[in-house]
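Trainee: I would be grateful for a close look at the ligand in this model and at what surrounds it. Please then proceed from there to other parts of the protein.

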Amino acid sequence: MTLVAPSILSSDFAYLADEIKKIEAGGADWVHIDVMDGNFVPNLTFGAPVVKKIRPVTKMFFDCHLMVEAPEKYIKDFAEAGADMIVVHVEATRHLHRVVQFIKDKGLKAGVALNPATPLTCLEEILPYLDLVLIMSVNPGFGGQKFIDTSVDKIKKLRKMIDTRGLSVLIQVDGGINAEIGKIVCEAGADVLVAGSYIYGAEDCAQAIAALKI
Ligand code: DX5
Ligand code: ZN
C-alpha cells in the first residue's frame, strides 16, 4: 500500500498543531513539510524553528522537502529540529553527494528531488546512496497546481531503473495529486504520495487520505 504524506503547505498555519493532529487522526503516514526560501522557488514558507515547534505535536515521520538554494547550509538545523528525512533538489547544490552524506551522517533518511524538466540521468551515480527519489509533478513553489502528465512516464522509467539495479529506493510523487491521479502514478510505480490541496481542501480529510492509500 502507498504511504500518504499530506503537505501542511495547504493547511491553516494559524492552527498548525491542530492541522497536524487532524491528518494523524485521519490516517496519514508522514507529514510533508515544504520549506521554501524565496530564491530557489518564488515563495517563502517556514524554516527549522517551525519544525522544532511542531515536533512535539506528533510522532509522525517528518518528511522535509527543502526547496532552497545551497541546502547544505541548513541540514544541521533541520536535523536538530527533529526532521526524520531531508529531501534536497539536485538543481540546488553543486555537491549533491556531499549533502546526501551529510544528511546520513546526522542519522536521517536522505532523498533527492527532481524538477519536472530535470532528467533521470542525473540520478545515475547518486541512486545507490538514496532512501527516496521525489519526482516533482508540478514546478515547485506553490500548492494547488495542475499535475504535469509527462511525469507518469518519468515514474515508470525510474521504477525500472531502481528495480533493475535491485535497489530499495522509494519513489515519492509531489504536485497535483488527487484520488484519480494517485491511482495512475501508483500503477506507474510510486510508493509515497504527497498531497496538499486535495487533503486539506477536502470536507473529510480522513476520506481523502484513505482514497490515496492504493
Ligand atoms: C509544491 C510543494 C508541494 C505542494 C503540493 O512546491 O512541493 O508539496 O504542497 O500541493 P498540491 O498537492 O496542492 O499540488
Ligand atoms: Zn513538497
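Mentor: In this predicted model, an oxygen atom of ligand 1 lies 2.7 Å from an N or O atom in the side chain of Asp174. The backbone takes part as well: a polar backbone atom of Gly176 is 2.8 Å from an oxygen atom of ligand 1, and a polar backbone atom of Gly196 is 2.8 Å from an oxygen atom of the ligand. Taken alone, ligand 1 exposes 380 Å², and the protein buries 100% of that area. Ligand 1 is surrounded by 20 residues, of which Asp34, Gly141, Asp174, Gly196 and Ser197 are the closest.

The largest nonpolar core holds 64 residues, and within it Ile33 and Leu123 touch the most other members. The element that gives the most to this core is helix H5, residues 151-164, with 5 residues. Apart from this core lies another, of 11 residues, including Ala113, Leu132, Leu134 and Val138. As for Ile33 itself, if one leaves aside its neighbours within four places in sequence, its contacts are Ile8, Phe46, Val51, Ile54, Phe62, Asp63, Cys64 and His65.

Asp84 is placed in the loop between helix H3 (75-81) and strand S4 (85-89). Its relative accessibility is 25%, which lies between the limits of 20% and 50%, so Asp84 counts as partly exposed. Although Asp84 and Phe61 are 23 residues apart in sequence, their C-alpha atoms are 5.9 Å apart in space. Beyond its neighbours within four places in sequence, Asp84 is in contact with Arg55, Met60, Phe61, Phe62, Leu108 and Lys109.

The cysteines complete this survey. A disulfide is a covalent bond between the sulfur atoms of two cysteines. The count of disulfides here comes to 0. Cys205, for example, is in no disulfide, and the nearest cysteine sulfur, that of Cys186, is 18 Å away.

Definitions and conventions
Residues are numbered from 1 along each chain as its sequence is written. Chains are lettered from A and ligands numbered from 1 in the order in which they are written. This is a predicted model: local features need pLDDT of at least 70, side-chain atom pairs count only at pLDDT 80 or more; totals for chains, interfaces and linings use all residues. Side-chain values use heavy atoms; hydrogens and water are left out. A nonpolar core is a set of buried Ala, Val, Leu, Ile, Met, Phe, Trp, Tyr and Cys residues joined through side-chain atoms within 4.5 Å. Buried means under 20% relative accessible area, exposed over 50%, partly exposed in between (1.4 Å probe, protein chains only). Helices (H or I, at least four residues) and strands (E, at least two) are DSSP runs, numbered from the N terminus. Contact means heavy atoms within 4.5 Å. A residue is near a molecule or strand if one of its heavy atoms lies within 4 Å of it. A polar contact is a pair of N or O atoms within 3.5 Å; within protein, one must be able to donate a hydrogen and the other to accept it, and residues adjacent in sequence count only if both atoms are side-chain atoms. Accessible areas come from the Shrake-Rupley method with a 1.4 Å probe; for residues, only the protein chains shown count as cover. A disulfide is a pair of cysteine sulfur atoms within 2.5 Å.
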